[in-house]
Structures are given as C-alpha cells and as structure tokens.
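Here is a short report on one protein chain. Have the sequence and the structure open as you read.

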Amino acid sequence: MDTSADAAQPATASAVQTAVPSRRRLKVEIVIVLGLSLGYYAISAAITLVERYLAEPAIGQQSTTLNPSRSQIDYLDLLSQVVRQAYLLMPVALAFYLLSMGGRSVHRVLGLTGGWKAAGADALRGLALAACIGLPGLALYAVSRALGQTVRIDTSGLPDAWWAATILLLSAAVAGVLEETIAVGYLVTRLKELAWSPWAAIAASALLRGAYHLYQGWPMALGNMVMGVVFAYWFHRTGRLGPLIAAHWTLDAVSFIGPELVPGEWLEALGVA
C-alpha cells in the first residue's frame with residue numbers, strides 16, 4: 001500500500017519532467033516571446049535603418065528621441081508614461097511565468113537569489129560593468145557621429161515637469177529589466193535547453209541586442225552586439241542576471257539624466273545636443 005510520501009514522488013518527478021517543454025514547444029514559445037517584445041523591436045529597427053539611408057537628410061543629420069512626450073496635457077502625459085512602462089514589463093512577466101512552469105524556481109534559473117546581501121554585491125558588480133561598457137560606448141557614439149553614420153540621440157522628449165526625472169529613472173529601470181531578462185536570461189536559458197552550445201546562445205543574444213538598436217545606425221548596433229557578448233557570457237559563467245540589470249539601469253540612467261547635468265559645450269562636442 002502506497003504511503004503519502006510514496007504517492008507524492010511520481011507527482012514530483014512529473015513536475016521535473018515537464019519543467020522544460022518539448023523542443024517543438026520551446027521553439028514556438030521563443031518565437032512568441034520575442035515576437036511580443038525585443039524581436040518585434042529588432043525587425044522595426046532594421047526597417048527604420050533602411051528608411052534612414054533612403055531618406056533625406058543623410059543619416060548623420062537625422063535624430064531620434066527616446067522617452068518622448070505622449071500628451072500635451074501634463075497629467076495625461078504622466079499617466080501615459082506610467083502605463084507604457086507597465087506595459088513594457090508584460091513580456092518579462094510572461095518569461096518569468098514560462099520559465100517557472102513545472103514547479104521550477106525562476107529566481108534560481110536567473111540567479112536572482114541570495115537576499116539583500118547578494119543584491120548589494122550584484123549592484124556593485126553592475127556598476128563595474130557599466131563603467132567598462134559606458135566609457136567605450138560614449139567614445140563609439142562620438143566617433144560614429146563624426147563619421148556621419150549615427151543619428152543624434154535625444155535621450156528625453158519629456159516636458160520640464162516635476163515628474164520628468166522620476167519617469168526617466170523608471171524608464172531606465174524598465175529597459176534594464178526588459179532587455180536583460182528577455183535577451184539574456186530567458187533567451188540564453190531556452191537556447192541551452194534546445195541543446196545550443198553556450199557560444200551559439202551567446203551569439204544569438206548579442207545579435208538580437210544589436211538588431212533592436214539598428215535604428216540608431218550600424219555603428220551603435222555593432223557596439224551593442226559587443227556589449228551583448230559581454231553580458232551573455234557573464235550570465236553563462238555566473239548564472240546571475242542581477243549585475244546585468246544593475247549595469248543596464250546605470251548606463252541608461254546616466255544617459256537619460258546626464259544631459260541635464262553635463263555642460264552644454266560637452267554635449268555639443270559629443271553631438272548629443
């Protein structure tokens with residue numbers, strides 16, 4: 001006669017077996033998740049790049065605005081900004097849900113474990129990563145602008161309102177969570193479960209990151225691919241996503257808020273303003 005413990009064993013084994021879907025379902029799942037998030041942005045960015053080269057003026061004289069205003073009415077603009085940031089987190093919620101199916105801990109899968117002490121260590125590592133990536137990235141932007149192959153990037157189109165800085169910091173945080181969760185944590189994990197080699201998964205992650213930055217120009221897309229290799233390799237080696245989110249938030253926060261703090265002549269020299 002089965003004891004309660006013995007009866008629980010088949011259910012546990014079944015949960016472990018169903019934690020990873022079949023290869024076919026995994027492929028479909030990846031297409032759906034990317035199609036709802038960064039894959040869509042990658043295709044749109046590629047189309048935008050073609051349009052930039054076909055349009056007038058030349059790409060080096062064009063510009064793109066990150067964090068644009070969404071209403072001429074102040075409080076509706078604020079509401080729209082908050083709603084959009086919440087919307088951008090939906091693919092993250094979907095990825096977390098899918099990775100946790102079968103009773104698997106998504107926090108362990110993505111290395112989001114260890115409590116506040118581990119989170120603090122991740123934040124410090126993220127700051128170091130941001131410094132290593134940010135300074136070369138700024139140099140790349142300046143050079144590619146000088147060569148006329150990158151658009152001018154206006155990091156904020158928000159009005160001079162009391163809530164603007166908060167929304168910019170929130171936008172930086174959401175971008176970090178969205179991109180690192182989908183392009184690195186989710187995609188690398190799923191591709192490995194499809195029996196891709198680690199380097200193939202890293203290359204796919206980096207190509208995706210570069211692709212959805214094509215709207216800025218091919219040099220910036222290439223620079224983001226290099227960043228993608230570094231970030232995906234970090235996740236492969238350490239299994240921790242936290243430092244990548246912290247690094248991404250730091251990079252975006254500085255680029256979004258920095259133009260308000262940096263002297264205007266410096267911005268002119270870099271082609272930012």
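## Terms and overview

A salt bridge here is a side-chain nitrogen of Lys or Arg within 4 Å of a carboxyl oxygen of Asp or Glu. R190 and E193 form one, with their side chains meeting at 2.6 Å, N to O. Keep in mind that this is a predicted model.

The protein chain has 12 helices and 2 strands. Read from the N terminus, the elements run α-α-α-β-α-α-α-α-β-α-α-α-α-α. The protein chain holds 273 residues, and 41% of them are buried.

## Salt bridges

The salt bridges number 7 by this rule. Start again with R190 and E193. Both sit in helix α8, 3 residues apart, so about one helical turn separates them. Are the two partners buried or exposed? R190 is buried, at 0% relative accessible area. E193 is partly exposed, at 24%.

Next comes the pair of E180 and R209. Their side chains meet in a salt bridge at 2.8 Å, N to O. E180 lies in helix α8 and R209 in helix α9 (residues 198–211), so this pair ties together parts that are 29 residues apart in sequence. What is the relative accessible area of E180? The value is 0%, and E180 is buried. R209 counts as buried too, with 0% relative accessibility.

Another salt bridge joins the side chains of R152 and D154, at 3.2 Å, N to O. R152 has a relative accessibility of 31%, so R152 counts as partly exposed.

## Packing of α8 and α11

Two packed helices are described by the angle between their axes and the distance between the axes. Take helix α8 (residues 164–193) and helix α11 (residues 242–257): their angle is about 145°, and their axes lie 8 Å apart. The crossing of α8 past α11 is right-handed.

Which kinds of residues make up the contact of α8 with α11? There are 14 nonpolar residues, 4 polar ones and 3 charged ones.

Five residues form a nonpolar patch on the surface: I73, Y75, L76, L79 and V83. Together they have about 490 Å² of accessible area. V83 lies in helix α4, which covers residues 74–88.

Q81 is also found in helix α4. Is Q81 buried or exposed? Its relative accessible area is 3%, so Q81 is buried, the cut-off being under 20%. Q81 and L170 are 89 residues apart in sequence. In space, the two are 9.6 Å apart, C-alpha to C-alpha.

A121 lies in helix α7 (residues 115–146). A121 is partly exposed, with a relative accessible area of 26%. How many residues separate A121 and P243 in sequence? They are 122 residues apart. In space, A121 and P243 are 8.2 Å apart, C-alpha to C-alpha.

## Backbone details in the loops

Look at the loop between α3 (38–54) and β1 (63–65), where P57 is found. A cis peptide bond joins E56 and P57, and omega is about 0°.

N67 lies in the loop between β1 and α4. N67 is not a glycine, yet its phi is positive, at about 55°. With 12% relative accessibility, N67 counts as buried.

A195 is in the loop between α8 and α9. A195 is not a glycine either, and has a positive phi of about 75°. Is A195 buried or exposed? A195 has a relative accessible area of 65% and is exposed.

## What to look at again

Another is the bridge between E180 and R209, where E180 is buried and R209 is buried.

Key:
Residues are numbered from 1 along each chain as its sequence is written. This is a predicted model: local features need pLDDT of at least 70, side-chain atom pairs count only at pLDDT 80 or more; totals for chains, interfaces and linings use all residues. Side-chain values use heavy atoms; hydrogens and water are left out. Patches are made of residues with over 30% relative accessible area and no salt bridge: like charges are joined within 9 Å, nonpolar side chains (Val, Leu, Ile, Met, Phe, Trp, Tyr) within 5 Å. Accessible areas come from the Shrake-Rupley method with a 1.4 Å probe; for residues, only the protein chains shown count as cover. Helices (H or I, at least four residues) and strands (E, at least two) are DSSP runs, numbered from the N terminus. Axes are lines fitted to C-alpha atoms, for helices over the stretch in contact, and angles run from 0 to 180 degrees between N-to-C directions. A crossing is left-handed if the near helix is turned anticlockwise from the far one by less than a right angle, and right-handed if clockwise. Ala, Val, Leu, Ile, Met, Phe, Trp, Tyr, Cys and Pro count as nonpolar, Asp, Glu, Lys and Arg as charged, and the others, Gly among them, as polar. Buried means under 20% relative accessible area, exposed over 50%, partly exposed in between (1.4 Å probe, protein chains only).
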